[in-house]
Amino acid sequence: MTRTTTAAPPLTVSTRILDDPGTVLRHTLRDRPLAFVRNGDGIVGIGEALRFTFTGPDRMRDAAAVWRSVVEAATVDDPVQLRGSGLVAFGSFAFADDSADESVLIVPRVVIGRRRGKAWLTAIDTTVGAEPLAFTRTSVPVPHVGPHVSVTLRPGRIDEAAYAANVAEAVRRIVAGGAQKVVLARDLVGTLPPGADRRAVLLDLAAAYPQCVTFAVDGLVGATPETLARTDGTRLTARVLAGSAARGTDEVSDRAAAEALAASAKDVEEHAFAIDSLLASLRPLVTELRADPEPFRLQLPNLWHLATDVQATLPPDTTSLDVADALHPTAAVAGTPTDVAVRLVAELEGVDRGRYAGPVGWMGATGDGEWMLALRSARIDDDGTVRAWAGAGVVAGSEPAREVAETALKFRPVTDALA
Ligand SMILES: C=C(O[C@@H]1C=C(C(=O)O)C=C[C@H]1O)C(=O)O
């Protein structure tokens, strides 16, 4: 049974060591996958024990409060004690405060996880007075996954011409004063063939982008490189990305592309807005805040990005979702200043982004977890409708045609997986 109430029923949670389950992504459900996997390590969910939905400006705060009550009411038997073992929830939150799309927190019935060569299974029981699992070790058969899924994607509500016009208008507004940076996105749409196994899409994403997080939460799937907030006890890490360039076609042009990116005043400015906004949002919350002094060049299969890693110490009892709430939306996905940029995004795009560019991730009973930005992603509805989004930061020096090309590269994880 799936619940949509905000009352927390008592859960009985048991984690046990699992014999090698193979690729964990194979174990989630073909029609309703739940996944958070990087480099083969991570967790997938099977079924839903609890589902909570949220809307509005307090969606993350409300989810964090609900989670605290779920944890308080749960009995957890977790001798495995690895990141992601024990009680976990997957979550995906809308980009905008006024989004019509629901944000979700889902507690699976079963979790299969893998970390550093160890695997586990967690069973989550909603029956009152349930007993923890009586065994200490288990095994599961590796499920068969359907064939590669191919979808023709066509322009959505914002085609290339409309996007170029939006970028040109954003540049005019920026030059006129007000906003300094605005991140504008466009969409592609298509239809999944009937009977398609959504896990095949996830396997393709994970194979092509192993260093990214391949995620699936309530229909939103993707392979994202950007960590909004990862917590481990009181230790917080984040990775800010802003400033992008196409990979070269050979070693020499590739190195030149990376160097040109690092030397590009426009990209360095775009990056500075993103890291400055993150540090400003973090400062009141944390101590021992440290960031790389200069951005480094992050190499992805489709792009170079300027990247900055950030570390800080959190006060006790601050959950990963509390941090995501404090940070979202960063200037990497909205712009600077935040309020002006968010209004401009809504005005110029004129379409609800849904959960694209919002926090997506997981959280455990201690509040530890990892929230990524849902980029390089598509929403696949139950009826098979696919809507992918990709965006790019616009500053005074942006050129519309280049931003169209950059968004095409950012669509690649999804367009290649669905080719
Ligand atoms: C908005 C997206 O990406 C963001 C924008 C970037 C940029 O403008 O250079 C880089 C990384 C992300 O923070 C996206 O992938 O849709």
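**From a helix to the ligand and the loops**

Helix H5 (residues 265–282) has 18 residues, which at 1.5 Å a residue should span 26 Å; its end C-alpha atoms are 26 Å apart, so the two values agree. The expected span is 1.5 Å times one less than the number of residues. Helices here are DSSP runs of H or I with at least four residues, strands are runs of E with at least two, and both are numbered from the N terminus. The buried residues of H5 include Lys266, Asp267 and Glu270, as well as Phe273, Ile275 and Leu282. Buried means under 20% relative accessible area, exposed over 50%, and partly exposed in between, with a 1.4 Å probe and protein chains only.

The model is predicted: local features need pLDDT of at least 70 and side-chain atom pairs count only at pLDDT 80 or more, while totals for chains, interfaces and linings use all residues. Residues are numbered from 1 along each chain as its sequence is written, and side-chain values use heavy atoms, without hydrogens and water.

Next comes the ligand. It is surrounded by 18 residues, the closest being Glu226, Ser244, Tyr356, Arg376 and Gly391; a residue counts if one of its heavy atoms lies within 4 Å. Strand S16 (235–246), strand S24 (385–394) and helix H8 (400–417) each supply at least two residues of this shell. Which backbone atoms lie 2.7 Å from an oxygen atom of the ligand? A backbone N or O atom of Gly391 does, and so does a polar backbone atom of Gly393. For Leu241, a polar backbone atom is 2.8 Å from an oxygen atom of the ligand. Taken alone, the ligand exposes 390 Å², and the protein buries 100% of that. These areas come from the Shrake-Rupley method with a 1.4 Å probe.

Most residues other than glycine have a negative phi, and most peptide bonds are trans. Asn39, in the loop between strand S2 (34–38) and strand S3 (41–46), has a positive phi near 50°. Asn39 is also exposed, with a relative accessible area of 56%. Asp218 likewise has a positive phi near 50°, and is placed in the loop between strand S13 (213–217) and strand S14 (220–224).

Where are the cis peptide bonds? One runs from His328 to Pro329, with omega near -5°, and another joins Thr336 and Pro337, with omega about -15°. Pro329 is in the loop between helix H6 (320–327) and strand S20 (335–336), whereas Pro337 lies in the loop between S20 and helix H7 (338–349).

Note on methods: A polar contact is a pair of N or O atoms within 3.5 Å; within protein, one must be able to donate a hydrogen and the other to accept it, and residues adjacent in sequence count only if both atoms are side-chain atoms.
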